Each structure stands twice: as C-alpha cells, then as structure tokens.
Amino acid sequence: MNRLYIRVSAHLIGLIPLLWYASTLWRHGWPLDPVASYTAASGSAALQLLVASLAVTPLQRLSGRSVLGVMRRPLGLYAFAYTMAHLLVYVMLDYAWNWSQISQNVFDKRHLIAGLIATALLIPLALTSTTGWQKRLGRWWKRLHRIVYGAAGLAVLHYVWLVKSDTRVPYLYATIIGILLLMRLLPLRRKVHAQSR
C-alpha cells in the first residue's frame, strides 16, 4: 500500500468535518445560534479525530500493515487543530476575550476544567510530534505520547458533564477508547511477560 496514498487519505479524513460543516452552511444557511453550533461542531470533530488517531495502532497490528502508522501523526494534529478551534470559539466568540468572566466560569463548571486539562495534555504532544523531537526524546517520546489516552478520557468526561442528561454518545466514545486502550495494553503485557521469562 502506497505511503503517499495513505498520508493523503489521513489528510482527507482530517478535513471531512470542516467540509461537512461548510456544506451544511451552504445548504441550510447560518444557524440560529452560531456560537453553539461552532462549539459543538469543533468539539465533535476533535474527539472523532482523536479516537481515529488512537485506532491507528490497533488497526496496524490487526491488518499487519505497518505502513498505516503514517496516518497517526496527521490525524492527531487535526484533532489538536479542531481542539484549538473549539477553545477559540469559547474564548473569542462566546466570551470576547473577557478573561475575568472566563476564569470565573471555568472554576464554576467542572466540564470546562476537564476540557482545559485535556487540551493542556495535547499541547506537548502536538509540539513534539515531529521526527526531530522523536529522535531527541528517544524512548521517552513513546512514554510522553501515551498521555494521549488521558487526554481522550478527559475529553469524554468533558462531554459527559456537558450534556448531563443524554449521555449515550459520550459513553459510546468512552467504550471505544476503552477497547482501543485494552487492545494497546494486551500486546505490551505480552512483551513484558516474554522479556521477564
């Protein structure tokens, strides 16, 4: 399977939420509450692409195609880009950079705390996603990038606390992330067990 084709496919997947939202605006016009619409769209896109990036390694192992690994970085970076868009909508459009109101609101609402911590965890992952940083950090690079599961878990918690009543969709995300984490941990346990024998 061609690496360039797979890399282009990852970029197309990353752009799907943006293109979908643009086509929705084209067909139906501006939403009644643009800020709420932008917030929901960017948040959903960020979580979907974060889950997609987590699915790369299990899919790679199940298919036996190591070349699929080239999708992980672009999908993760698109997830980060949508996360930052989600944050900017809140800070810029919802609160117009009013930091006193923002800080007061954050400490009053637990879903915002979970969301901000998840975003903070993604920042070092995005900054160290390059091949250069991978070489500089060596074995610590993989250890650092495992915190993506913590970020994903907090993102789901942010979603659960946000919706309050109908939590079926965020719990579905939680189940998928749990399965992906289990698929990731089982080979690691086998490897550790084999080395200890």
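How many helices and strands does the protein chain have? I counted nine helices and zero strands. One caution for my notes: this is a predicted model. Reading from the N terminus, I get α-α-α-α-α-α-α-α-α.

Next I checked the overall dimensions. The chain has 197 residues, so a compact globule would have a radius of gyration near 16 Å; I found 18 Å, which agrees. I also looked up the box that the C-alpha atoms fill, and along the principal axes it is roughly 60 × 35 × 35 Å.

Buried residues make up 32% of the 197. The chain exposes about 12700 Å², and 67% of that comes from carbon and sulfur atoms. For contacts between residues at least 6 apart in sequence, I noted that 64% join residues at least 24 apart.

I have 22 positive and 4 negative ones, and their mean positions are 31 Å apart.

Last entry: aromatic rings. I got four aromatic pairs. One of them is Y159 with Y173, a tilted pair with 6.2 Å centre to centre and 45° between the planes. Y159 sits in helix α8 (residues 148-163) and Y173 in helix α9 (residues 168-196), so I wrote down that the pair links distant parts of the chain, 14 residues apart.

Are these two tyrosines buried or partly exposed? Y159 has 22% relative accessibility, so I put it down as partly exposed. Y173 has 14%, which is under the 20% cut-off, so Y173 counts as buried.

How values were computed. Residues are numbered from 1 along each chain as its sequence is written. This is a predicted model: local features need pLDDT of at least 70, side-chain atom pairs count only at pLDDT 80 or more; totals for chains, interfaces and linings use all residues. Side-chain values use heavy atoms; hydrogens and water are left out. Helices (H or I, at least four residues) and strands (E, at least two) are DSSP runs, numbered from the N terminus. The radius of gyration is taken over C-alpha atoms; the globule rule is 2.2 Å times the number of residues to the power 0.38. Buried means under 20% relative accessible area, exposed over 50%, partly exposed in between (1.4 Å probe, protein chains only). Contact means heavy atoms within 4.5 Å. Accessible areas come from the Shrake-Rupley method with a 1.4 Å probe; for residues, only the protein chains shown count as cover. Lys and Arg count as positive and Asp and Glu as negative; His and the chain ends are not counted. The place of a charge is taken as NZ of Lys, CZ of Arg, CG of Asp or CD of Glu. Rings of Phe, Tyr and Trp (its six-membered ring) pair if their centres lie within 6.5 Å; planes under 30 degrees apart count as stacked, over 60 as edge-to-face and the rest as tilted.
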